[in-house]
Amino acid sequence: MTVSILDKLLAEYRRATAAHNWDGYTMDQMGQALCGELLEMGEAEGRRDIHGPHGMIAEALQVAVVAIRTAERLAVLHPVIEVPRG
């Protein structure tokens, strides 16, 4: 991953977490958010918009952020409970 893309991903993650509180989100809501971002990416492709503010790159980063936030939320909702050995 290039530094430029990683920087954009982190900036989008910070923006999204500041704008949208996912406390209380259900698995269904997380799935809807991901599907919505994928649809927006498809719309950008249809417009042949690669670099615009709502272009494929921006939408792909939003897809990635939603997927990361989903993994984070699922880890909170369904933690792995470790059983002590011994």
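Colleague: Where is the place of Glu 72?

Modeller: Glu 72 sits in helix α3. Helices here are DSSP runs of H or I with at least four residues, strands are E runs of at least two, and both are numbered from the N terminus. This is a predicted model: local features need pLDDT of at least 70, side-chain atom pairs count only at pLDDT 80 or more, and totals for chains, interfaces and linings use all residues. Residues are numbered from 1 along each chain as its sequence is written, and side-chain values use heavy atoms, with hydrogens and water left out.

Colleague: Why does Glu 72 count as partly exposed?

Modeller: Its relative accessibility is 38%. Buried means under 20% relative accessible area, exposed means over 50%, and partly exposed is in between (1.4 Å probe, protein chains only). The value for Glu 72 falls in the middle class, so Glu 72 is partly exposed.

Colleague: How far is Glu 72 from Gln 29?

Modeller: They are 43 residues apart in sequence. In space, C-alpha to C-alpha, the separation is 14 Å.

Colleague: What does Gly 24 touch beyond four places away in sequence?

Modeller: Gln 29 and Arg 73. A contact requires heavy atoms within 4.5 Å. Gly 24 lies in the loop between α1 and α2. At 55% relative accessible area, Gly 24 passes the 50% cut-off and therefore counts as exposed.

Colleague: What is the pattern of the chain along the sequence?

Modeller: α-α-α. The protein chain has 3 helices and 0 strands.

Colleague: How does the chain's radius of gyration compare with that of a compact globule?

Modeller: The chain has 16 Å, whereas a compact globule of 86 residues would be near 12 Å. The radius is taken over C-alpha atoms, and the globule rule is 2.2 Å times the number of residues to the power 0.38. The C-alpha atoms fill a box of roughly 60 × 30 × 20 Å along the principal axes. Buried residues make up 24% of the 86 residues.

Colleague: What share of contacts between residues at least 6 apart in sequence joins residues at least 24 apart?

Modeller: The share is 67%.

Colleague: Why is the pairing of Arg 15 and Glu 12 called a salt bridge?

Modeller: A salt bridge is a side-chain nitrogen of Lys or Arg within 4 Å of a carboxyl oxygen of Asp or Glu. Here the N to O distance is 2.6 Å, so the pair of Arg 15 and Glu 12 qualifies. The two are 3 residues apart in helix α1, which means a separation of about one helical turn. Glu 12 is buried at 13% relative accessible area. Arg 15 is partly exposed at 42%.

Colleague: How many salt bridges does the structure hold?

Modeller: It holds 2. Asp 49 and Arg 47 also meet in one, at 3.7 Å from N to O. That distance is within 4 Å, so this pair qualifies too. Asp 49, at 19% relative accessible area, is buried. Arg 47, at 46%, is partly exposed.

Colleague: How do you know where empty space is left?

Modeller: Rolling a probe the size of a water molecule over the atoms shows it. A 1 Å grid is laid over the protein atoms alone: a cavity is a set of points where a 1.4 Å probe fits but cannot get out, and a pocket is an open set with protein on both sides within 12 Å along at least five of seven lines. Lining residues have an atom within 4 Å of a point.

Colleague: What volume does the largest pocket have?

Modeller: About 200 Å³. Grid points are joined across faces, edges and corners, and the volume is the space filled by probe spheres set on the points.

Colleague: Which residues lie nearest the centre of the largest pocket?

Modeller: His 20, Trp 22, Ala 33, Glu 37 and Val 66, from a lining of 13 residues. α1 (3–19), α2 (27–46) and α3 (56–77) each supply at least two lining residues. α3 gives the most, with 4 residues.

Colleague: How does that lining divide into nonpolar, polar and charged residues?

Modeller: There are 6 nonpolar, 3 polar and 4 charged. Ala, Val, Leu, Ile, Met, Phe, Trp, Tyr, Cys and Pro count as nonpolar, Asp, Glu, Lys and Arg as charged, and the others, Gly among them, as polar.
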